[in-house]
Amino acid sequence: MKRFLIAIVGLMQAMAISAGGSTHSDYHFTHIKSANGLPHQQVETMAFDGMGRLWIGTRNGLACYDGYSFTTYYHDPGDSTSLSHNFVIKLLVDSRNDLWVGTEKGVCRYR
C-alpha cells in the first residue's frame, strides 16, 4: 500500500506540473483507516465506478467510498447474494457500470 501511495503522489505531482504549475504543496491527503469504516487496513485492489465512487477490495471485505462515508460488504454464509468470500483480490467496472469482484472463492457481479 505504501508503494501504491508513493506512486499516486508522484503521478499527481507530474500531472500538476504539466497542468499549469501547481505544486505538490497544493494537495492535502487524508488517511483512511479501519476506524473510518475501511474493512481492513490491507487494500488489495481499487476501482472507480461511473458515479465516481471508489470501490476498495481488502483482505476482509469490500468497501464503497463516496468521498464521505463507507458502505461495506461481506460474505454471509446464509445469504447466496453476498460476496463469495471476504478476501477480495480484483475489482473491475465494466461498460454497463457493473462491478465485478474477484475473491478467493470466485467471481461476483454487483449491479
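Two strands count as paired if DSSP finds at least two bridges between them; strands are DSSP runs of E with at least two residues, numbered from the N terminus. The views below show a predicted model, in which local features need pLDDT of at least 70 and side-chain atom pairs count only at pLDDT 80 or more, while totals for chains, interfaces and linings use all residues. Residues are numbered from 1 along each chain as its sequence is written, and side-chain values use heavy atoms, with hydrogens and water left out.

**View A. Pairing of E3 with E4.** Strands E3 and E4 run antiparallel and are joined by 4 bridges. Leucine 62 has tyrosine 73 of E4 as its bridge partner. The hairpin of E3 and E4 has 4 residues between the strands, and glycine 67 in this hairpin takes a positive phi near 100°.

**View B. The open four-stranded sheet.** The order of the 4 strands in this open sheet is E1-E2-E3-E4, with antiparallel pairing. Strands E1 (43-48) and E4 (70-73) are at the edges with a single partner strand each, so one side of each has no neighbour in the sheet. On average, and with direction ignored, neighbouring strands are turned by 20° against each other (axes are lines fitted to C-alpha atoms, and angles between N-to-C directions run from 0 to 180 degrees).

**View C. Strand E1 and valine 43.** E1 and strand E2 (residues 54-58) run antiparallel and are joined by 5 bridges. Valine 43 lies in E1 and stands opposite threonine 58 in E2. With 17% relative accessibility, valine 43 counts as buried (buried means under 20% relative accessible area, exposed over 50%, and partly exposed in between, with a 1.4 Å probe and protein chains only). Valine 43 and isoleucine 89 are separated by 46 residues in sequence, and their C-alpha atoms are 9.1 Å apart in space.

**View D. The enclosed strand E3.** In strand E3 (residues 61-65), 5 of the 5 residues are buried, so the strand is largely enclosed by the rest of the structure. Gly61, Ala63 and Tyr65 cover one side and Leu62 and Cys64 the other, all of them buried. A hairpin connects E2 to E3 through 2 residues.

**View E. The salt bridge of arginine 59 and glutamate 44.** Arginine 59 forms a salt bridge with glutamate 44, with the closest N and O atoms 2.8 Å apart (a salt bridge is a side-chain nitrogen of Lys or Arg within 4 Å of a carboxyl oxygen of Asp or Glu). The pair links distant parts of the chain, 15 residues apart: arginine 59 is in the loop between E2 and E3, and glutamate 44 is in strand E1. Arginine 59 is partly exposed at 38% relative accessibility, and glutamate 44 is partly exposed at 31%.

**View F. A salt-bridge network around aspartate 98.** Salt bridges link Arg96, Asp98, Arg109 and Arg111 in a network. Aspartate 98 meets arginine 96 at 3.2 Å, N to O, and arginine 111 at 3.9 Å, N to O. Aspartate 98 lies in the loop between E5 and strand E6 (99-103), and arginine 111 in the segment after strand E7 (106-110), so this pair ties together parts 13 residues apart in sequence. Aspartate 98 is buried, with a relative accessible area of 7%, whereas arginine 96 is exposed at 55% relative accessibility and arginine 111 is exposed at 65%.
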